[in-house]
Amino acid sequence: MRLVVIGPWKNPRSKVYWFRRRVPAKYRRFGMPAEIKFSLGTTDLEEAKILCQEENLKLEREWRAMAGQQPTQLTHLQITALAGEFYKETVAARRDEPGPPAEIERSLREHAKRKRPPIGPLDPHLYVTFGLEARAFLQRKGIHLVGDRLHSFIRSYVEAKELAERELLQNAKKDYTPNKAVAERFPEFKPPNPEKKFDVLWAEFAEAKELAASTRKKWEPYFRQLIKRIGTDDMSSVTEQHLLDWRDALLASKASRRNVKFGYIAAARAFFGWAKNEKKLATNPAAEVVVTISEKKKRQTKKVGFDDLEARTILAAALGPQNERMTEENAAARRWVPWLCAYTGARVNEITQLRACDVIEKDGIPCIHIRPEAGTVKTAERTVPLHPHLLQMQFVDWAHRKKGDTPLFYAIERQRKKDRKNPTYTSVGNKLADWVRKGLQITNPKVAPNHGWRHRFKTEGRRAKMLWQVLDAIQGLAPRTDGENYGEIPVDVMLPEIQKYPWYKIDAPAKPVDRRRRSQRRADEAAAP
């Protein structure tokens, strides 16, 4: 950062040189007046130049040091009490040896002279004259005041300094009568509450609420936006008005009312509500921040499952040779995930998170065990028998080539970020969806590229007259009543229903479809020997 070089200004009335400099706008919020000016106390130009540069350097260092600090919020009572702390400390430090009375009287006269402004308003003068020593006291207390709060403290500091000197003068004259009137005028100082940093509270909130990685990834940027808007990450400083202004700004932008209500404001209400209940914050500023939505509901398109042609297209492509440039795990995901979804009706991420140890045998029946240790499970963990076609395709043998908790469809060692917020198995599912949409050109908007298997499994299961209770259990759907929640549906009950599900008779393509862009194909062909 470039240091601004300035020269002394000569007062035309007194011929004495002065220091004058306008305060940069970026620093004024830290308690600076619009202009700093004071006498350098010399009529010698060369001396004035040196003094001017020294004072300028002091200011630059001071401003830059303060620029990275968050201000402390103190009330008028706390500021008065803080000045009382300075008064008590000054008297206590010199009480035993106050010094000669004449020296203290001279100090009082000098103090009266220093606090009287030669020209202009009082606050800028007191800031220039006493600001350095007052801020040094605040720094020892770990307090950073700005703006009118800083000027208010400096005024109280100057008054407390004079009162302390007068009491020491009384002591120096061998009079130690307690000055109760002065001591009692200052209330007891109670340090301000420590800042409640967002990063600390967010980590505690996410852990306490066991937020899914996807929820953390979605919500955290909301709060980062709020922090940037209000200029502090101290959550105890957030007010209801801050949130109302934030809400109104979001509604005025391109964000939909539904997104603001169920995204931004829902996140704020959950976070601040938890912090208030756990006594992390004194209040919940989001308690009464609401967003109203028109009762008129938008007509939604019902999602459906893959039709026969779409299902056959995906499963045939899964059986075909994969691009040689793909990693082993990505190729395995294309090969097995669509088939596993087709024969279990599971959510795609429940399949992409499977590990070798999740392919098990229970009561002599080959199964997959969907459990939270591997990743996210929306309802509850379950064990699902494998369809006979999957056994014929030797899925179990392939899965058991890996051991223990090794993922089947991604490699931990190839993760780009070890602490990534979006789980790798989710990225695998997203790549499969992109493959179905762009690679296989299945673009029906009514069919979700991965979730379509879940709808289709339900439809075909009904057509095969599978017991609906078992069908729901296989797919991991939550019970609708307390009665349905009683008891279990073991794998030997599931297996006969699984066996009712019709086989897919698919012929694998002889070679993979070349889905590279035309320019890429030409470049590869030109580079080939």
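Modeller: Two residues are said to be in contact when they have heavy atoms within 4.5 Å of each other. The model shown here is a predicted one. Asn-179 lies in the loop that links α6 (147-172) to α7 (180-185). Once its neighbours within four places in sequence are set aside, Asn-179 is in contact with Glu-167 and Gln-170. Glu-167 is 12 residues away from Asn-179 along the chain, and the C-alpha atoms of the two are separated by 7.6 Å. Asn-179 has a relative accessibility of 26% and therefore counts as partly exposed.

The pairings can be followed strand by strand. Between β4 and β5 (residues 365-370) there are 4 bridges, in the antiparallel sense. In this pairing, Ile-360 has Cys-367 of β5 as its bridge partner. β5 is also paired with β6, again in the antiparallel sense and over 4 bridges. Here Ile-368 has Val-384 of β6 as its bridge partner.

Val-384 leads on to the faces of β6. On one side of this strand are Arg-382 and Val-384, on the other are Thr-383 and Pro-385, and all of them are buried.

The buried residues of α21 are Val-491, Met-494, Leu-495, Glu-497 and Ile-498. Their spacing can be read with a general rule in mind. An α-helix has 3.6 residues a turn, so residues three or four places apart point the same way. The buried residues of α21 pack against β4, β5 and β6, and also against α13, α15 and α19 (468-475).

Helix α15 (residues 388-392) contains His-389. Is His-389 buried or exposed? Its relative accessibility is 9%, so His-389 counts as buried. Not counting residues up to four places away in sequence, His-389 touches Trp-339, Tyr-343, Trp-503 and Tyr-504.

The largest nonpolar core has 55 residues, of which Phe-395, Phe-409 and Tyr-504 touch the most other members. The largest share of this core, 9 residues, is supplied by α13. Another core lies apart from it and has 37 residues, including Leu-74, Ala-81, Val-91 and Ala-164.

Phe-409 may be examined in turn. Beyond its neighbours within four places in sequence, Phe-409 is in contact with Glu-329, Ala-332, Ala-333, Trp-336, Val-337, Leu-340, Ile-351, Thr-352, Trp-398 and Val-428.

Some of these residues return in the packing of two helices. Helix α13 (residues 328-344) packs against helix α17 (residues 424-439) at an angle of about 75 degrees, and their axes are 11 Å apart. α13 and α17 are therefore roughly perpendicular to each other. On the α13 side, the residues that meet the other helix are Asn-330, Ala-333, Arg-334, Val-337 and Pro-338. On the α17 side, they are Val-428, Lys-431, Leu-432 and Trp-435. By class, this contact has 6 nonpolar, 1 polar and 2 charged residues.

The axes of helix α5 (residues 122-140) and α6 cross at roughly 80 degrees and come within 9 Å. α5 and α6 are therefore roughly perpendicular to each other as well. Among the residues in contact are Phe-130 and Phe-137 of α5, and Phe-153 and Tyr-157 of α6. The contact of α5 with α6 has 11 nonpolar, 2 polar and 5 charged residues.

How values were computed:
Residues are numbered from 1 along each chain as its sequence is written. This is a predicted model: local features need pLDDT of at least 70, side-chain atom pairs count only at pLDDT 80 or more; totals for chains, interfaces and linings use all residues. Side-chain values use heavy atoms; hydrogens and water are left out. Axes are lines fitted to C-alpha atoms, for helices over the stretch in contact, and angles run from 0 to 180 degrees between N-to-C directions. Angles under 35 degrees count as roughly parallel, over 145 as roughly antiparallel, 65 to 115 as roughly perpendicular and the rest as oblique. Ala, Val, Leu, Ile, Met, Phe, Trp, Tyr, Cys and Pro count as nonpolar, Asp, Glu, Lys and Arg as charged, and the others, Gly among them, as polar. Two strands pair if DSSP finds at least two bridges between them. Buried means under 20% relative accessible area, exposed over 50%, partly exposed in between (1.4 Å probe, protein chains only). A nonpolar core is a set of buried Ala, Val, Leu, Ile, Met, Phe, Trp, Tyr and Cys residues joined through side-chain atoms within 4.5 Å.
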